[in-house]
Amino acid sequence: MSNEDIRAMWAAWDAHEQVISPYRVCREGCREEWPCSARRDADTGLRQIGVDPYAVRRGEATIPA
């Protein structure tokens, strides 16, 4: 997997954030309940290569460059 692919997965994961907690709505306006398929796919891909996206968000880990 290339670094570009990893950055694209992170961008998708980050973009498809939940915006309204009680209603589980995606910030990108996906028409499915959050987490949407784009977020789930990105989460799975990142975790398969050993990247915890929540740790990246907290600043405890980085995206491999």
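R39 sits in helix α2, and it makes a handy starting point for a tour of this predicted model. With a relative accessible area of 2%, R39 is buried, as the cut-off for that class is under 20%.

**R39 and its surroundings**
- Leaving aside residues up to four places away in sequence, R39 touches W13, H16, E17, W34 and Y54.
- R39 also belongs to the α2 side of the contact with α1, together with A42, D43, G45 and L46.

**How α1 and α2 pack**
- Two packed helices are described by the angle between their axes and the distance between those axes.
- Here, helix α1 covers residues 3-15 and helix α2 covers residues 37-48; their axes come within 8 Å and cross at roughly 135°.
- That angle makes α1 oblique to α2, because only angles over 145 degrees count as roughly antiparallel and those from 65 to 115 as roughly perpendicular.
- The crossing of α1 past α2 is left-handed.
- On the α1 side, the residues that meet α2 are I6, M9, W10, A12 and W13.
- Sorted by class, this contact holds 7 nonpolar, 1 polar and 2 charged residues.

**The largest nonpolar core**
- Which residues make up the largest nonpolar core? There are 9 in all: I6, M9, W10, W13, A42, L46, V51, V56 and I63.
- Both α1 and α2 supply at least two residues of this core.
- The biggest share comes from α1, which gives 4 residues.
- V51, one of the core residues, touches L46, V56, I63 and P64, not counting residues up to four places away in sequence.

**A61, after α3**
- A61 lies in the segment that follows α3 (53-58).
- Coming back to where we started, A61 and R39 are 22 residues apart in sequence, and their C-alpha atoms are 19 Å apart in space.

Terms used:
Residues are numbered from 1 along each chain as its sequence is written. This is a predicted model: local features need pLDDT of at least 70, side-chain atom pairs count only at pLDDT 80 or more; totals for chains, interfaces and linings use all residues. Side-chain values use heavy atoms; hydrogens and water are left out. Axes are lines fitted to C-alpha atoms, for helices over the stretch in contact, and angles run from 0 to 180 degrees between N-to-C directions. Angles under 35 degrees count as roughly parallel, over 145 as roughly antiparallel, 65 to 115 as roughly perpendicular and the rest as oblique. A crossing is left-handed if the near helix is turned anticlockwise from the far one by less than a right angle, and right-handed if clockwise. Contact means heavy atoms within 4.5 Å. Ala, Val, Leu, Ile, Met, Phe, Trp, Tyr, Cys and Pro count as nonpolar, Asp, Glu, Lys and Arg as charged, and the others, Gly among them, as polar. Buried means under 20% relative accessible area, exposed over 50%, partly exposed in between (1.4 Å probe, protein chains only). A nonpolar core is a set of buried Ala, Val, Leu, Ile, Met, Phe, Trp, Tyr and Cys residues joined through side-chain atoms within 4.5 Å.
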